[in-house]
Amino acid sequence: MANTTAVYARIDTELKESAEGILSKLGISPSGAIQMLYSQIVLCGGMPFELRLPEKRPVAEAALTKAELDAELAKGTESLRSGKTYTADEVDALMKQHRA
């Protein structure tokens, strides 16, 4: 067996559970995922992905936690109450601006 050592990291509980759920569906253990990440760091000579701030994009419902979805729905409800609404043409124009 290869010489191994332990890696300890503290991460957000919800993030850990979400990631491990996905890894489980892929048939990958958390240790296996960390081994893969470290291997790619060595092969790439750095992080194996680009590190940058994400572009602001529309929120995908499936990617949200229940709390995040509730917060987004509350924003929409507040917009309606305050009279801040958009026509379909206005939404199309805003979406085109964000893609450009």
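This is a predicted model: local features need pLDDT of at least 70, side-chain atom pairs count only at pLDDT 80 or more; totals for chains, interfaces and linings use all residues.
Q: What would the radius of gyration be for a compact globule of 100 residues, and what does the chain have?
A: Such a globule would come out near 13 Å. The chain has 20 Å.

Q: What does the C-alpha trace span along its principal axes?
A: About 65 × 30 × 25 Å.

Q: How much of the chain is buried?
A: Buried residues make up 1% of the 100 residues. The cut-off for buried is under 20% relative accessible area.

Q: Let's switch to helix H2. Which residues does H2 cover?
A: Helix H2 runs over 30-44.

Q: Why does the length of H2 agree with what it should span?
A: H2 has 15 residues, and at 1.5 Å a residue they should span 21 Å. The end C-alpha atoms of H2 are 21 Å apart, so the two values agree.

Q: What happens just after H2?
A: Gly45 comes there, and Gly45 takes a positive phi of about 70°.

Q: Which residues are closest to its centre?
A: Val7, Pro30, Ser31, Ile34 and Gln35. The lining of this pocket has 18 residues.

Q: Which helices supply at least two residues of that lining?
A: Helix H1 (13-26) and helix H2 (30-44) each do.

Q: How does the lining divide into nonpolar, polar and charged?
A: There are eleven nonpolar residues, five polar and two charged.

Q: Back to Ser31. Where is Ser31 found?
A: Ser31 is in helix H2.

Q: Is Ser31 buried or exposed, and why?
A: Ser31 is exposed, because its relative accessibility is 56%. The cut-off for exposed is over 50%.

Q: How far apart are the C-alpha atoms of Ser31 and Val7?
A: They are separated by 9.1 Å. Along the chain, Ser31 and Val7 are 24 residues apart.

Q: New topic: how many salt bridges does the structure hold?
A: Four.

Q: OK, where do the side chains of Lys16 and Glu20 meet?
A: They meet in a salt bridge, at 3.1 Å from N to O.

Q: Where do Lys16 and Glu20 sit in the helix?
A: Both are in helix H1, four residues apart. That spacing means they are separated by about one helical turn.

Q: Why does one turn matter for which way residues point?
A: An α-helix has 3.6 residues a turn, so residues three or four places apart point the same way.

Q: What are the relative accessible areas of Lys16 and Glu20?
A: Lys16 has 37%, so Lys16 is partly exposed. Glu20 has 29%, and Glu20 is partly exposed too.

Q: What about Glu72, what does Glu72 form with Lys75?
A: A salt bridge, with the closest N and O atoms 3.0 Å apart. Both residues lie in helix H3 (residues 66-81). They are three residues apart there, about one turn of the helix.

Q: Are Glu72 and Lys75 exposed or partly exposed?
A: Glu72 counts as partly exposed, at 30% relative accessibility. Lys75 is exposed, with a relative accessible area of 52%.

Q: And how do the side chains of Glu50 and Arg52 meet?
A: In a salt bridge, at 3.2 Å from N to O.

Q: Are Glu50 and Arg52 buried or exposed?
A: Glu50 is exposed, and so is Arg52.

Technical notes. Residues are numbered from 1 along each chain as its sequence is written. Side-chain values use heavy atoms; hydrogens and water are left out. On a 1 Å grid over the protein atoms alone, a cavity is a set of points where a 1.4 Å probe fits but cannot get out, and a pocket is an open set with protein on both sides within 12 Å along at least five of seven lines; lining residues have an atom within 4 Å of a point. Ala, Val, Leu, Ile, Met, Phe, Trp, Tyr, Cys and Pro count as nonpolar, Asp, Glu, Lys and Arg as charged, and the others, Gly among them, as polar. The expected span of a helix is 1.5 Å times one less than its number of residues. Buried means under 20% relative accessible area, exposed over 50%, partly exposed in between (1.4 Å probe, protein chains only). The radius of gyration is taken over C-alpha atoms; the globule rule is 2.2 Å times the number of residues to the power 0.38.
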